[in-house]
Amino acid sequence: MVNVLVCPGQGSQKVGMGHELAEQFAAAREVFERVDAALGTPLTRLMWEGPEEELTLTHNAQPAILAHTVAALAAAGDSIEPVVMAAGHSLGEYSAYVAAGSLSVEDAAKLVRRRGELMFEAGQARPGAMAAVLGLATAEVATACSESSNGEGIAVAANQNAPDQTVISGDPGAVERAGARCKEMGAKRVIPLKVSGAFHSPLMEPAVPGLAAALDATAFSDPRFPVVANATATPVRTAAEARARLVEQLTAPVRWVASVETLAREAAGARFVEAGPGAVLAGLVRRTVPGVEAVTLGTPEDVARLTATA
């Protein structure tokens, strides 16, 4: 069975994440220990015991989700080979590069922690907002954002998650106006999100120099299989391009629909495997490419099922 990996982003964290994997698989336990050592803090204790409010903080949630993803892949071992392509949603793009051999899990954990700190700082300097728009095409959401942006604030279509699910991001007033306009245009729901900043929008620009410096100081290798970048929805095959696309990702929209379409086209017939906590991406994949097989890999039960079908 040929596989493509999809790796989840922030929002998939929950207290207890990855604990059963660590209990049942030595390879998963080793991943968690390596992440704790790299960060110099017992992140796994926070993952497994909480409190939830602390786990949800951007600089904790990002390395926690990455650690869970890499641990799940380690537990599965060769049962998901061959992997021919991968993509990750926002922070999940870093997990994809670990899976592809471009980054060590230690370096990736330090990078996403720094990324989370920089994103939080940018959000404190210029507070932003995000809202999920359900039941309206992305093009119409983008129109609503354009109509709602002015000298007092901007809104953009930031996360293009499914054909009928788009997240808007920007200054609070502009996001509120854009959400109201989306409802006028026929959106079924507009749901404000609890976030610490306007992610994947121009409001994250202050975080760019710091992240670029951190990426430049980190060892990268060319990926052993292509990783589809959020910002361009095109396959990345070199370390230099990986760095560039990860910097661009901070302020660019997450083009998830186009990324999934690229995976489905270039790896036709492959099974999608969502590695990490939750099942959000598997659901989005099925909505984007009807009929495709999409499974999860985040629990011991998932590992057993994949191993049985290898």
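A pocket is an open set of grid points, with protein on both sides within 12 Å along at least five of seven lines, and its lining residues have an atom within 4 Å of a point. The model examined here is predicted.

The largest pocket has a lining of 35 residues. Q10, G11, S12, L193 and V195 lie nearest its centre. The space in this pocket amounts to about 910 Å³. By class, 15 lining residues are nonpolar, 15 are polar and 5 are charged.

The second largest pocket holds about 210 Å³ of space. Its lining comprises 16 residues. Nearest the centre of this pocket lie K14, G18, H68, G298 and T299. Two helices, α1 (19-24) and α14 (300-309), each supply at least two lining residues. The largest share, 3 residues, comes from α1. The lining of the second largest pocket divides into 9 polar, 4 nonpolar and 3 charged residues.

For the sulfur of C145, the closest cysteine sulfur is that of C182, at 6.0 Å. For the sulfur of C182, the closest is in turn that of C145. A disulfide requires two cysteine sulfur atoms within 2.5 Å. The 6.0 Å separation is therefore too far for a bond. Both cysteines are buried. The relative accessible area is 2% for C145 and 0% for C182.

L211 was examined next. This residue sits in helix α10, which spans residues 208-216. L211 counts as buried because its relative accessibility is 0%, below the 20% limit for that class. Beyond its neighbours within four places in sequence, L211 is in contact with Y94, R115, L118, L246, V247 and L250. A239 lies 28 residues from L211 along the chain, and the C-alpha atoms of the two are 16 Å apart.

Technical notes:
Residues numbered from 1 in each chain as written. Predicted model: local features only at pLDDT ≥ 70, side-chain atom pairs only at ≥ 80, totals over all residues. Heavy atoms only, no water. Buried < 20%, exposed > 50% of the residue type's maximum accessible area, 1.4 Å probe, protein only. Helix = DSSP H or I, 4+ residues; strand = E, 2+ residues; numbered from the N terminus. Contact = heavy atoms within 4.5 Å. 1 Å grid on protein atoms, 1.4 Å probe; cavity = no way out; pocket = protein on both sides within 12 Å on 5 of 7 lines; lining within 4 Å. Points joined across faces, edges and corners; volume = space filled by probe spheres on them. Nonpolar A, V, L, I, M, F, W, Y, C, P; charged D, E, K, R; others polar.
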